[in-house]
Amino acid sequence: MATAYDIAMKHTEPEENDGAPVVAVEDVRKTYASHTVLDGINLHVTRGETLAVLGRSGTGKSVLLRLIIGLETPDSGSIRIHGQDIAGLGMDRMGEIRKKMGFLFQHAALYDSLTVAENVAFPLVHHRRDMSRSERGDRVMQLLAEVGMEGDVDKMPSDISGGMQKRVGLARALALEPEILLLDEPTAGLDPISSGEINDLILKLQRERRMASIVVTHDLHSARTIANSLALLDQGKVVIEGKFEDLQQSHVAFVEKFLKQS
Ligand SMILES: Nc1ncnc2c1ncn2[C@@H]1O[C@H](COP(=O)(O)OP(=O)(O)O)[C@@H](O)[C@H]1O
Ligand SMILES: [Mg+2]
């Protein structure tokens, strides 16, 4: 007999994830001068899914995220967000799409001259003019509580640890309730304990918010912990995409080497 849970699940499943890619990267190429960084990349992420993009440094992982955010344009191929090709979109339309994206950059995650609370408030000040000052204050506190930083609101970024800075960066990335979360090396430079805490936090946020997430990392352990699927890049191409077990079973020389060295 179907339980209430089964019925509820059946009811919500199609809404939860209709299988349509939220982000679709199709045959994307990007060359700087004569250096081809991305050479025909295909990747898709659906709602509730976390894709980890792995690769050695210099393989174009950050470039890929910049293309998805629309900060740069591919030489060929397309980036589709909810089916819409972002190439050639005007500033207004791209601005609307970007509001649906939360991102955490690899370096300089925070504005040095703003407090923790002001950093998190920043996207709200710029994009949620409808919010009153007190609504904004409440929202900032709620976001900081979500990442376990509610006790450090008035501190400056230079006065908190790297792991705490990443937490605040995550809170800021979530401020506009994004459907898409893009994280560039969220655990780089952190000690193992702080890395573990950030991984747990990313998992928690993903469980609660069911975004379409792409996490760029060279940290295999982190990728394995937080992602549903992993894509390994090398020399401009996706060498393999699948679950961690698929990577483990692969006999492709580069995959074996990457796993051994990680
Ligand atoms: N704006 C740019 N101009 C020229 N070369 C660039 C630019 N951005 C990135 N690159 C080059 O693209 C390659 C990939 O960079 P990046 O995406 O930052 O690597 P990763 O994030 O995988 O470490 C590097 O060789 C880098 O020098
Ligand atoms: Mg990078």
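The crossing of helices H4 and H6 is right-handed, a crossing being right-handed if the near helix is turned clockwise from the far one by less than a right angle, and left-handed if anticlockwise. The contact involves Val 116, Asn 119, Val 120, Phe 122 and Pro 123 on H4, and Val 168, Ala 171 and Arg 172 on H6; two residues are in contact if their C-beta atoms, placed from the backbone, lie within 7 Å. By type, that makes 6 nonpolar, 1 polar and 1 charged.

This is a predicted model, where local features need pLDDT of at least 70, side-chain atom pairs count only at pLDDT 80 or more, and totals for chains, interfaces and linings use all residues. Residues are numbered from 1 along each chain as its sequence is written, with chains lettered from A and ligands numbered from 1 in the order in which they are written.

Next, the domains. The assignment, automatic or from a database, gives domain 1 as 20-100 + 181-197 + 211-262 and domain 2 as 109-177. Their C-alpha centres are 26 Å apart. At the boundary, 7 residues of domain 1 are in contact with 7 residues of domain 2. The domain 1 side of it has 3 nonpolar, 2 polar and 2 charged residues.

Last, the ligand. Which residues surround ligand 1? They are Tyr 32, Val 37, Gly 55, Ser 57, Gly 58, Thr 59, Gly 60, Lys 61, Ser 62 and Val 63, each with its C-beta atom, placed from the backbone, within 6 Å of the ligand. Helix H2, residues 61-69, gives the most to this shell, with 3 residues. The shell divides into 3 nonpolar, 6 polar and 1 charged, with Gly counted as polar.

Technical notes
Helices (H or I, at least four residues) and strands (E, at least two) are DSSP runs, numbered from the N terminus.
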